[in-house]
Amino acid sequence: MAQIALTTSAALFPFNRGAKQWTNLFPRFSKRYGTNISLFMGYRKKGVRFVASDATGRIGGVPEISDGETDPRSYVWPDKKKPRVCILGGGFGGLYTALRLESLVWPDDKKPQVLLVDQSERFVFKPMLYELLSGEVDAWEIAPRFLDLLANTSVQFFQDRVKLLHPSDHFRMNGPSGSSFGGTVLLESGLLIEYDWLVLALGAESKLDVVPGASEFALPFSNLEDARKVDNKLRRLERQNFGKFSPIRVAVVGCGYSGVELAATVAERLQSRGNVQAINVETTICPTAPPGNREAALKVLSSREVQLLLGYFVRCIRRVDSVEASENMTGSGAAPGIAAEDDHETYTLELQPAQRGLQSQILEADLVLWTVGSKPPLPQLEPHDKPHELPLNGRGQAETDETLRVKGHPRIFALGDSSSLRDSNGKLLPATAQVAFQQADFTGWNLWAAINDRPLLPFRFQNLGEMMTLGRNDAAISPSFIEGLTLEGPIGHTARKIAYLIRLPTDEHRLKVGISWLTKSAIESVASLQSNLTKVLSGS
């Protein structure tokens, strides 16, 4: 974090206690930044302004507030005249909107100040999280730091969570009294941000509270932290079962794209050491996928002996502790209560038939992976704003018009999983990366148009096709421009990686990742050639 502006009530800070007392009020600042921090004090009509800055003058990182302080502190934008755009969420919608705004040509006095807020320090290219489990990619390749991606831009970044939203644009188009003020956002750190334009791109969180036991015992798979937890759990299970004949039992709840990709990846990783079961309420997998993708997935799942339990929903999940395993862990020298309980527990899943003719089942699993359901974490409104709540659909998504502006709030845009928009046929657009990519381009352009008093463009989704990974050297792609064509196997795998390489956020990151992937491919090719030569020579 290079620069933070905080405004607080003058009543909290007496002015006659000397400069030394001021530094004691911000212990985190002095501890974290040492002598690189400069505190500037000045009298203001409504309070005192403090600015913490480093030698670079760049804004970023985590806004820090002293532990004992509860009142909000206002963030001071660098320029008082230029438009202020606050983007909440740094996924495909939020980050790519910020980069789109940066790439457009602006009049000198109209280029907006852009502040991006996300709870994580890293952008995550979610479609390639599965490759972390297979070991095909490294974390830095698909989860670069925001500060690295934005290093050559004017976009500012704060790592923080959104607490409250107070929009003011429901009064009239330009806010109260004809001003350009759009509202305020309160972050959990206590920082209050005024904005002229707001972008809601907070993505979606896994919804685990619909089934008893799911939130306690099932692992979701939607972000980098989830992928790391699943990988660590698999590693522990692999160590425990090393040399044993009992397979690792994995239950995957949901057979949409995410569930199928996860089941195929885990089954390939465990091979004969694992037993993967995939559960779906529908009677088919990936019901919305093109037939070619579905058939390719069924073929791969069958070859890896993934058991499909179709037409079932999970009624509840319970934990069954393994007393014998826990005793063995303690007897081997491990401290009681440390990792023993987590490493030696199994779960039971009660399956209820959703179709006639099926019988209820009870499954046992060492690991339960949850890929069903999601909810957008939209911020709450100030209590007095209840009459002007954001219009939400049944899924908790903000309803927008064709220009991606939230209905009734002309200064708030919503996109990706945070928005609800229907196509020309009246069908709700899917919550996919492809939709968020395209909406980010339109949101960036429409912000430019709104700031420059130009007409906004209606969003039109162009379906380019669908892709899915099925393992280290396997994938399926059904491009929309060639009807009936499906690229699968190694060809589909290569085409998918190239397509996603092109979609990485910046040219610099694309170059680094491209070189890394080429290097890995060359090493694997040499290793494969050496292995084949060894087999030929040993056979002769």
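Helix axes here are lines fitted to C-alpha atoms over the stretch in contact, and angles run from 0 to 180 degrees between N-to-C directions. Helices (H or I, at least four residues) and strands (E, at least two) are DSSP runs, numbered from the N terminus.

This is a predicted model, where local features need pLDDT of at least 70 and side-chain atom pairs count only at pLDDT 80 or more, while totals for chains, interfaces and linings use all residues. Residues are numbered from 1 along each chain as its sequence is written, and side-chain values use heavy atoms, with hydrogens and water left out.

**View 1. Helix α3 crosses helix α13.** The axes of α3 (residues 92-103) and α13 (residues 433-451) come within 8 Å, at roughly 35 degrees. The crossing is right-handed (the near helix is turned clockwise from the far one by less than a right angle). On the α3 side, look for F92, G93, Y96, T97, R100 and L101; among their partners in α13 are F437, D441 and W445 (contact means heavy atoms within 4.5 Å).

**View 2. Helix α9 packs with helix α10.** Here α9 (residues 257-270) and α10 (residues 291-303) have axes 10 Å apart and an angle of about 30 degrees. That makes the two roughly parallel (angles under 35 degrees). Y257, V260, A263 and A264 of α9 touch N293, A297, V300 and L301 of α10.

**View 3. Zooming out to the chain.** There are 15 helices and 29 strands to find your way around. Of the 540 residues, 49% are buried (under 20% relative accessible area, with a 1.4 Å probe and protein chains only).

Terms used. Buried means under 20% relative accessible area, exposed over 50%, partly exposed in between (1.4 Å probe, protein chains only). Angles under 35 degrees count as roughly parallel, over 145 as roughly antiparallel, 65 to 115 as roughly perpendicular and the rest as oblique.
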